[in-house]
Amino acid sequence: MTTVAHLVDKTTQFIRDQVIPVEREVVVDGRVMDDALRLELQKKAKEAGVFGPLSAPEYGGLGLDTRAQARVLEAAGASLLGPIAVNAWAPDDGNIHLLAHVADAEQQQRYLAPLAAGEVRSAIAMTEPAPGAGSDPGMLQTVAEETDDGWIINGAKHFTTGAQGAAFTICVAQTTDGPTMFLVDQDNPGLKVGRRMPTLDHSSAPGGHCEIAFVDCAVPDSAILGAVGQGLVLAQVRLAPSRLVFCMNWLGLAVRAHHLAIEHISTRKAFGVPIADHGLAQGLVADNEIDIAAARGVIRTAAETIDEQGPTSSQARHDASIAKTFVSEAVWRVLDRAVQLHGGLGVCEDYLVARFLVEARAFRIYEGPSEVLRWSIARRALRNR
């Protein structure tokens with residue numbers, strides 16, 4: 001039986017030997033992170049026995065609980081492309097979890113099975129242009145109207161991650177009974193994928209972040225995911241695990257950047273001694289160690305809560321909010337210090353830490369901006385006083 005520690009070792013070796021060499025091609029040489037590359041890396045991950053940390057064994061996954069995922073995904077996150085290679089990157093990570101817990105048997109066979117196996121990608125369409133839904137889902141503008149044959153969806157979305165080339169999109173639309181989730185096949189003529197938005201994080205997102213529109217998009221009743229009017233309730237199923245997966249992945253990249261910085265300052269001199277012997281440099285190293293250890297701690301606390309109480313429990317949502325807020329900011333601090341410790345070379349993408357910093361900036365915004373999460377954390381604390 002494979003232990004978690006052994007799986008972490010295998011994942012670390014896979015990332016080092018198979019993924020990091022390709023990462024440089026993408027970050028430095030301009031190779032496009034497309035589906036051909038994704039499938040190539042995922043094939044190698046399957047051969048290495050590290051594919052599917054978020055998927056059940058019946059779909060070719062590893063069947064890990066959240067606590068084990070925390071360790072394995074930190075190892076996978078050591079490369080920008082690592083989470084994609086093992087099939088643990090947004091939005092597929094959250095959609096795998098959502099479909100596994102909410103979809104009926106037919107939907108699981110049609111949508112979950114190929115997604116969990118890495119055969120296809122998915123998207124989820126929630127965020128809308130103003131005055132539509134962003135951090136406040138109550139501002140949802142996309143509408144689904146019931147007809148004799150099913151539903152007609154109309155509305156505009158943006159920042160729909162992975163929309164280009166996805167096999168299907170989960171659309172959140174307002175109905176008379178409340179927000180509802182619909183499974184929309186990508187070849188539906190009413191689903192229009194627009195431009196790929198020019199965002200900072202472009203190296204690690206196959207399919208980009210896109211503008212899309214639903215124009216008289218007809219779907220049958222069988223497209224409803226869960227129940228009518230339960231869209232926001234069901235969204236909670238994916239929210240805490242998805243926030244935590246982001247934390248695990250990005251922590252892995254921060255750890256790698258920290259090690260790159262230590263290696264750099266240990267081999268270069270300034271003012272007659274190695275940079276590593278300067279007290280100010282040591283202070284940055286120490287602060288990175290502290291942030292990494294603390295981030296690991298809040299991730300593992302939230303993982304334990306999700307495993308023991310379920311992802312929709314109040315405590316799981318609270319702990320995941322704390323983890324996402326702290327880790328997103330700690331990762332940014334670690335990456336920023338890694339750039340600083342590289343000196344002028346730190347802003348050159350040849351040394352990768354510059355790209356890591358830019359790619360990580362959006363982490364403090366998606367899946368809940370830090371400011372909104374702090375508000376929700378405080379509200380829960382005040383309710384429980």
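Trainee: In which loop does Pro-131 lie?

Mentor: In this predicted model, the peptide bond from Ala-130 to Pro-131 is cis, with omega near 10°. As for its place in the fold, Pro-131 lies in the loop between strand E1 (122-125) and strand E2 (143-147).

Trainee: Which residue does a cis peptide bond join to Ala-90, and where is the place of that residue?

Mentor: Most peptide bonds are trans. A cis bond, with omega of about -5°, joins Ala-90 and Pro-91. The place of Pro-91 is in the loop between H4 and helix H5 (92-102).

Trainee: Is Leu-352, which has a positive phi, buried or exposed?

Mentor: Most residues other than glycine have a negative phi. Leu-352 is not a glycine, yet its phi is positive at about 65°, and this leucine is found in the loop between H9 and H10. Because residues under 20% relative accessible area are taken as buried, the 5% relative accessibility of Leu-352 makes it buried.

Trainee: Where is Glu-367 found, given that its phi is a positive value?

Mentor: Phi of Glu-367 is near 55°, a positive value in a residue other than glycine. Glu-367 is found in the loop between H10 and helix H11 (370-383).

Trainee: Why do the buried residues of H2 line one face of the helix?

Mentor: Helix H2 (residues 35-48) has 14 residues and reaches 20 Å from its first C-alpha to its last, close to the 20 Å expected at 1.5 Å a residue. Its buried residues are Leu-37, Arg-38, Leu-41, Gln-42 and Ala-45, whereas Ala-36, Lys-43 and Glu-47, on the other side of H2, are exposed. Seen down the axis of H2, the buried residues line one face because they fall within an arc of 125°.

Trainee: Which helices are included in what covers the buried residues of H2?

Mentor: The buried residues of H2 include Leu-37 and Leu-41. What covers the buried residues of H2 includes helix H1 (4-27) and helix H4 (82-85).

Trainee: At what angle do helix H3 and helix H8 pack?

Mentor: On the H3 side (residues 66-76), the contact is made by Thr-66, Arg-67, Ala-70, Arg-71 and Glu-74, and the residues of H8 (residues 279-309) that take part include Arg-296, Ile-299 and Arg-300. By class, this contact of H3 with H8 has four nonpolar, one polar and eight charged residues. The axes of the two helices are 7 Å apart, and the packing angle is about 145°.

Trainee: Which residues does Gln-69 touch, not counting residues up to four places away in sequence?

Mentor: The place of Gln-69 is in helix H3, where the residue is buried, with a relative accessible area of 11%. Not counting residues up to four places away in sequence, Gln-69 touches Pro-53, Leu-54, Leu-64, Glu-74 and Met-248.

Trainee: With which residues is Gly-231 in contact, leaving aside its neighbours within four places in sequence?

Mentor: Gly-231 lies in helix H7 (residues 231-267), and at 0% relative accessibility it counts as buried. Leaving aside neighbours within four places in sequence, Gly-231 is in contact with Pro-179, Thr-180 and Met-181.

Trainee: What is the helix content of the span that UniProt places as the domain "Acyl-CoA dehydrogenase/oxidase C-terminal"?

Mentor: An unreviewed UniProt entry places this domain at residues 229-381.

Notes. Residues are numbered from 1 along each chain as its sequence is written. This is a predicted model: local features need pLDDT of at least 70, side-chain atom pairs count only at pLDDT 80 or more; totals for chains, interfaces and linings use all residues. Side-chain values use heavy atoms; hydrogens and water are left out. UniProt positions are given in the numbering used here, feature names are shortened, and annotations may be inferred rather than shown by experiment. Axes are lines fitted to C-alpha atoms, for helices over the stretch in contact, and angles run from 0 to 180 degrees between N-to-C directions. Helices (H or I, at least four residues) and strands (E, at least two) are DSSP runs, numbered from the N terminus. Contact means heavy atoms within 4.5 Å. Ala, Val, Leu, Ile, Met, Phe, Trp, Tyr, Cys and Pro count as nonpolar, Asp, Glu, Lys and Arg as charged, and the others, Gly among them, as polar. The expected span of a helix is 1.5 Å times one less than its number of residues. Buried means under 20% relative accessible area, exposed over 50%, partly exposed in between (1.4 Å probe, protein chains only). The arc is that of the directions from the helix axis to the C-beta atoms.
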